[in-house]
Amino acid sequence: MGRFIIEGGHPLNGTLKVQGAKNAALPILAAGIMSRGEVTLTNCPCIRDVDNMLDILGELGAGTERRGDTIRLSPGDASRCVMPNRLSKELRSSIFMLGPLLSRFGRAVCTYPGGCEIGHRPIDLHLKGLAALGADIREERGRIVCEGKNLHGADIHLDYPSVGATENIMMAAASAKGDTCITNAAREPEIEDLQNFLNAIGCSIWGAGTSTLYVRGGMEHVPSAVHRIMPDRIAAGTILCAAAVTGGNVTLTDVCCDHMGAAFAKLREAGCELSQRADTVTIEMKGRPNEIKLIETYPYPGFPTDMQAQFFALCTVAEGTSVIVENLFENRFRHCAELAKMGAVITQKDRTAIVRGVEKLSGASVSARDLRCGAALTIAGLGAEGITTVDNTELIDRGYQGLDKVLCSLGARITREDG
Ligand code: UD1
């Protein structure tokens with residue numbers, strides 16, 4: 001078990017390039033298997049979830065090679081459509097392989113996916129969408145078996161704008177016969193990045209970023225494709241929260257500011273000064289944050305659930321009382337108990353938390369319960385008095401590329417211990 005040992009009280013200062021987006025890289029890597037030609041992905045974050053996805057692709061027979069943030073895939077030789085058990089259990093995003101495998105082989109077998117334990121994460125919308133395209137889906141000894149040699153286009157209305165379901169249906173529909181229209185689709189920017197990648201490997205998809213998506217079936221194959229993974233809006237927001245909590249002055253480059261409206265609005269409400277240019281943002285924070293009256297998570301362009309824990313950490317030291325409502329995942333307040341060990345004053349019931357800001361948190365021994373909880377505890381430790389030990393940092397490494405190193409490059413004092 002790895003841990004971060006954080007000496008609090010050092011403001012963050014400096015300039016940093018933001019990593020490529022985890023939530024774009026994972027479905028795009030999964031989609032890579034649909035291609036018969038060579039695929040080059042740049043700006044791919046070096047994180048554990050990406051490593052796991054590469055292992056999955058390797059086990060399915062695709063060639064994979066990583067050099068720094070560039071990944072080369074040779075999916076032409078892929079021959080298997082049964083997902084490896086252990087890896088699927090570890091990675092929630094293994095569910096993104098269903099659509100691409102169906103697309104490529106007409107058959108996909110996978111176990112129920114694992115990943116962060118942030119509540120019961122059903123996949124009914126994924127399966128309903130694939131069934132509407134003509135896939136035959138059954139459960140066999142705890143595994144999901146999807147068969148669909150002759151997928152056809154369909155009009156699919158999602159009961160909820162699920163990111164993963166939208167992406168899976170897009171990918172399966174790309175090689176179906178005929179056109180597909182997905183309404184009430186999720187509008188997250190990562191879906192647009194996936195659309196751009198799919199079009200680069202020969203698909204014909206438009207509408208991503210809006211709630212109606214069109215997919216022309218019968219993808220054409222191209223010999224090679226190059227795609228740059230978009231910047232990670234959640235990693236960017238995490239660093240901005242850390243700068244806000246420590247009273248710092250940080251410039252982030254390679255940020256798509258258009259994707260960060262909800263987070264920027266809440267940072268401004270907390271009293272941060274933000275100045276943004278095309279792909280750069282500078283945050284300056286003087287003194288203690290103000291309370292944030294209400295943070296409520298919603299699908300994009302609402303406030304992202306993946307930023308809730310980091311803003312929660314900020315609210316624990318705000319001047320005044322903040323209210324936080326988590327609408328997407330029922331078990332995404334696992335940071336509450338850990339932050340309370342550091343002196344945070346929180347009342348939580350069901351999906352609502354009321355946070356009364358204290359002047360300073362105190363260093364304590366805490367544990368990352370999920371990826372974003374780990375990020376929140378790290379932020380809290382940076383602002384706290386004394387030493388904070390965050391253990392279970394493997395969970396943080398799932399989604400952040402060397403979070404400790406990145407923060408240290410801005411003046412934080414963090415030592416990593418690998419267990
Ligand atoms: C993606 C992100 C994750 C983020 C989430 C919400 C990736 C790799 N992960 O996850 O970081 O927190 O979007 O922005 O991109 N739901 C159902 N049935 C389904 C699917 C989802 O009821 O078949 C529900 C979920 O329980 C949840 C809500 O829909 O309440 C949103 O989930 P979804 O958008 O699907 O999230 P993911 O794609 O899993």
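The shell around the ligand takes its largest share, 3 residues, from helix α5. This is a predicted model, in which local features need pLDDT of at least 70 and side-chain atom pairs count only at pLDDT 80 or more, while totals for chains, interfaces and linings use all residues. Residues are numbered from 1 along each chain as its sequence is written, and side-chain values use heavy atoms, with hydrogens and water left out. Helices (H or I, at least four residues) and strands (E, at least two) are DSSP runs, numbered from the N terminus.

## Around the ligand

Let us stay with the ligand for a moment. There are 20 residues around it, and those that come nearest are Asp 124, Leu 125, Ser 162, Asp 306 and Leu 328. A residue counts as near when one of its heavy atoms lies within 4 Å of the molecule. Sorted by class, the shell holds 8 nonpolar, 7 polar and 5 charged residues. Here Ala, Val, Leu, Ile, Met, Phe, Trp, Tyr, Cys and Pro count as nonpolar, Asp, Glu, Lys and Arg as charged, and the others, Gly among them, as polar.

The table gives distances from an oxygen atom of the ligand to an N or O atom of the protein.

| Residue | Part of the residue | Distance |
|---|---|---|
| Asn 23 | side chain | 3.0 Å |
| Leu 125 | backbone | 2.7 Å |
| Leu 328 | backbone | 2.5 Å |

Taken alone, the ligand exposes 730 Å², and the protein buries 88% of that. Such accessible areas come from the Shrake-Rupley method with a 1.4 Å probe; for residues, only the protein chains shown count as cover. Two elements give two or more residues to the shell: α5 (124–132) and α6 (163–173).

## Helix α6

How much of α6 is buried? The helix is mostly covered, as 10 of its 11 residues are buried. Buried means under 20% relative accessible area, exposed over 50%, and partly exposed in between (1.4 Å probe, protein chains only). Among the buried residues of α6 are Gly 164, Glu 167, Asn 168 and Met 171. At the start of the helix, a side-chain oxygen of Ser 162 reaches to within 3.0 Å of the backbone nitrogen of Ala 165. Ser 162 is also one of the residues that come nearest to the ligand.

Now for a set of strands. In a regular strand the side chains alternate between the two faces of the sheet.

Two strands pair if DSSP finds at least two bridges between them. Strand β18 (residues 321–325) runs antiparallel to β20 and is joined to it by 5 bridges. Strand β19 (residues 345–349) also pairs with β20 in the antiparallel sense, over 5 bridges. Val 355 in β20 stands opposite Ser 322 and opposite Ile 346.

β19 and β20 form a hairpin with 2 residues between them. Asp 350, in the turn, has a positive phi of about 50°. With a relative accessible area of 57%, Asp 350 is exposed.

## Further local details

Most residues other than glycine have a negative phi, and most peptide bonds are trans. Asn 184, in the loop between β10 (179–183) and α7 (189–200), has a positive phi near 55°. Asn 184 is partly exposed, with a relative accessible area of 25%. The peptide bond from Tyr 300 to Pro 301 is cis, with omega near 10°. Pro 301 sits in the loop between β17 (294–296) and α10 (308–316).

Conventions:
A polar contact is a pair of N or O atoms within 3.5 Å; within protein, one must be able to donate a hydrogen and the other to accept it, and residues adjacent in sequence count only if both atoms are side-chain atoms.
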